[in-house]
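Good morning, colleagues. Please look at the structure on the screen while I speak about its aromatic rings.

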Amino acid sequence: MVNQSCLPRWQTLSASSRGANKHRNQDWYTAEGCGTRADPLVLAVADGHGSARHARSDVGARRAVDLFAAHAREFATLTNVDSAEGPRSLSWLMNYARDVMPRRLVSEWQRNVLGHWQRQYELDEDCSGTGTAPPTDEQKLLLYGATLIGAVLTPRLFAAWQLGDGELTVVEHDSRVDLPLAPAEAEIGDETESLCSREAWRLVRMHWAPIVERDRMPRLIALSTDGLSKSFAADEGFVEFMAGLDTRCSEGGLESVRTVLPEWLAKAARYSGDDTTMAAGRRPEQDTESAHAGPQTTERQ
């Protein structure tokens, strides 16, 4: 692995804007860490469904992001700590990320929001003691329905997960823009997979990218809710926007993008009518330049 003193410390930017057709913002997000072993880069966005049958989806979105961030940090620890048999292999980590982590995340989210429902029910004097039967667990979960995209980056690997709509955008080291978790077929209308779906953990899509060479790490990793992509008339417009975002970071600096990002997302929210949120991490420009300067000092993991 690359010597820790040579590692790029990723910078983050994030913002959210309420949709023009929404009474309140149902999205939630986090962007934290700098991509080192001790402080992994963790990004997540969740989009609460927001309709009457999902009346508490803002709570569901917030709980989804908080739980993902906790699981992502735990997973990052697993990539750094040896097991009793020695260093964990990438195949072991991939199986954990593909099978164990989605099961645990969905299960904990469901327990969490069901607990929230029960507490609210007990506090609601209008409902308690009326003799009416409470809804089923499936009906309760629907109230909190939300989509989720999350990513974690360590010196060893970059992994991401997605359930439902929205976009994971990766600008590679060579400026190529990828959407690695785009579904094979576009979803129709406003229907989407969700944390409240039956066996939701089976619906999670995963992106897996071990870090082999420092100078081939992505330049930009951006997670966005579908309010952003829906503001463009065609997919090409969204891709051009993300490429332009990366160019603006290079030419004007990350702070300039942080300043204008809320304005950009507010404009997108007006066009799409939907809440619009982005959480992103970018490798510092000076690191991109220095990565080609010569061989790096290495050490055993």
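I shall present the aromatic pairs and then the charges over rings.

This is a predicted model, in which local features need pLDDT of at least 70 and side-chain atom pairs count only at pLDDT 80 or more, while totals for chains, interfaces and linings use all residues. Residues are numbered from 1 along each chain as its sequence is written, and side-chain values use heavy atoms, without hydrogens and water.

Rings of Phe, Tyr and Trp (its six-membered ring) pair if their centres lie within 6.5 Å; planes under 30 degrees apart are stacked, over 60 edge-to-face, the rest tilted. By this rule there are nine aromatic pairs. One of them joins Phe-75 and Trp-161 edge-to-face, 5.8 Å centre to centre with 90° between the planes. Phe-75 belongs to helix α1 (residues 57-80) and Trp-161 to strand β5 (residues 157-163), 86 residues apart. Helices (H or I, at least four residues) and strands (E, at least two) are DSSP runs, numbered from the N terminus.

Are these two residues, Phe-75 and Trp-161, buried or exposed? Both are buried, where buried means under 20% relative accessible area, exposed over 50% and partly exposed in between (1.4 Å probe, protein chains only).

Phe-75 and Trp-161 also belong to one aromatic cluster with Phe-68, Trp-92, Tyr-96 and Trp-208.

Finally, a charge sits over a ring if NZ of Lys or CZ of Arg is within 6 Å of the ring centre and within 35 degrees of the ring normal. Arg-62 lies over the face of Trp-28, 3.7 Å from the ring centre, and the charged end of Lys-140 sits over the ring of Trp-117, 4.3 Å from its centre.
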